[in-house]
Amino acid sequence: MSDETTADAAAVATTPKHSATTPESAATTPAHPQRSEALAFAIGVAGWLVPGLGHALQKMWGRAIGCFLTVGALVFLGVGMRGNLFSSEGGDAFGTLGYVADLGTGSFYFAAKALETKGSDVAHAEGDYGTRFLAAAGVLNLLAALHAYEAARGRKA
Amino acid sequence: MITAIGFHLSHFQAMTLFALLISIAFGFLSRRGTNERVKYFIWSLLLFLLIGVGIGWAMYPFSR
């Protein structure tokens with residue numbers, strides 16, 4: 001389950017092999033910077049849409065499974081505790097902020113919508129905790145997607 | 001047909017579960033190698049619990 005060398009491998013993969021420069025300078029100035037930047041961005045978006053996919057595409061299996069399971073568990077528990085899943089019609093600034101945080105879970109947001117058959121119940125502490133679980137899942141997934149993006153850019157991750 | 005799910009957790013159980021899951025994710029994301037991850041996970045979990053309980057006690061005088 002160890003994926004210690006994969007971040008460096010990903011960095012090498014984005015570096016062109018037919019460059020005349022030294023390995024050190026090649027790592028910092030790739031021949032197709034726009035292409036590798038677009039690839040890194042696509043990996044970041046993939047990681048946002050499906051938690052862990054950004055790392056899985058770079059063969060960081062431990063991180064991919066870890067992200068998928070923790071974000072999935074937080075969403076499942078949040079819905080089970082009847083937390084509030086914000087929608088785009090939030091109204092005030094907190095509603096919008098909550099919507100952005102919830103949307104951070106990517107496709108899991110829609111899975112949570114499907115699972116939330118009874119609706120939210122924030123009148124009790126459980127529902128309030130559930131709301132936090134859902135928001136934390138989104139923010140955590142955004143962090144993981146950003147991490148996958150940085151790793152794809154060749155930054156040490 | 002999706003069956004409705006429901007969990008009934010106490011404040012402490014919810015906080016512990018939250019700390020557990022976030023610590024696992026932090027361990028995986030910020031460290032390499034199993035040993036480093038386990039160490040970071042334990043350290044993060046302990047701090048989550050300690051600070052959570054500490055803030056709970058600090059707020060007790062203002063709870064009513």
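In what order do the elements of chain A run from the N terminus on? They run α-α-α-α-α-α-α-α, and the secondary structure of chain A accordingly comes to eight helices and zero strands. Helices here are DSSP runs (H or I, at least four residues) and strands likewise (E, at least two), numbered from the N terminus.

The model is predicted: local features need pLDDT of at least 70 and side-chain atom pairs count only at pLDDT 80 or more, whereas totals for chains, interfaces and linings use all residues. Residues are numbered from 1 along each chain as its sequence is written, and chains are lettered from A in the order in which they are written. The predictor gives the complex an ipTM of 0.85 and a pTM of 0.79.

**Chain A**

Select chain A. Of its 157 residues, 43% count as buried; a residue is buried if 20 or more other C-beta atoms, placed from the backbone, lie within 10 Å of its own, exposed if 12 or fewer, and partly exposed in between. Among contacts in chain A between residues at least 6 apart in sequence, 70% join residues at least 24 apart; a contact requires C-beta atoms, placed from the backbone, within 7 Å.

Next, select L39(A), which lies in helix α3 (residues 33–49). L39(A) is partly exposed, with 16 other C-beta atoms within 10 Å.

**Chain B**

Now select chain B. Its mean pLDDT (the predictor's confidence in each residue, from 0 to 100) is 89, and 91% of its residues reach 70 or more. Its secondary structure comes to two helices and zero strands. The radius of gyration of chain B, taken over C-alpha atoms, is 16 Å, well over the 11 Å of the globule rule for 64 residues, so the chain is more spread out than a compact globule; the rule is 2.2 Å times the number of residues to the power 0.38. Along the principal axes, the C-alpha atoms of chain B fill a box of roughly 45 × 45 × 10 Å. Of the 64 residues, 17% count as buried.

**The interface**

Display both chains. Here 20 residues of chain B are in contact with 26 residues of chain A. Helix α1 (residues 11–30) gives the most to chain B's side, with 10 residues. By class, that side has 14 nonpolar, five polar and one charged residues; Ala, Val, Leu, Ile, Met, Phe, Trp, Tyr, Cys and Pro count as nonpolar, Asp, Glu, Lys and Arg as charged, and the others, Gly among them, as polar.

Colour the buried residues of α1(B), including F18(B), I22(B) and F26(B). The buried residues of this helix pack against α5 (61–80) and α8 (125–152) of chain A together with α2 (34–59) of chain B. By contrast, L20(B), also in α1, counts as partly exposed, with 17 C-beta neighbours inside 10 Å.

**The core**

Finally, select L74(A), V75(A), F133(A), A136(A), A137(A), L140(A) and A25(B), which touch the most other members of the 42-residue largest nonpolar core. Such a core is a set of buried Ala, Val, Leu, Ile, Met, Phe, Trp, Tyr and Cys residues joined through C-beta atoms within 7 Å. α8(A) gives the most to this core, with 13 residues.

Centre on L140(A). Leaving aside its neighbours within four places in sequence, L140(A) is in contact with T70(A), V71(A), L74(A), I22(B) and A25(B).

Methods:
Two residues are in contact if their C-beta atoms, placed from the backbone, lie within 7 Å.
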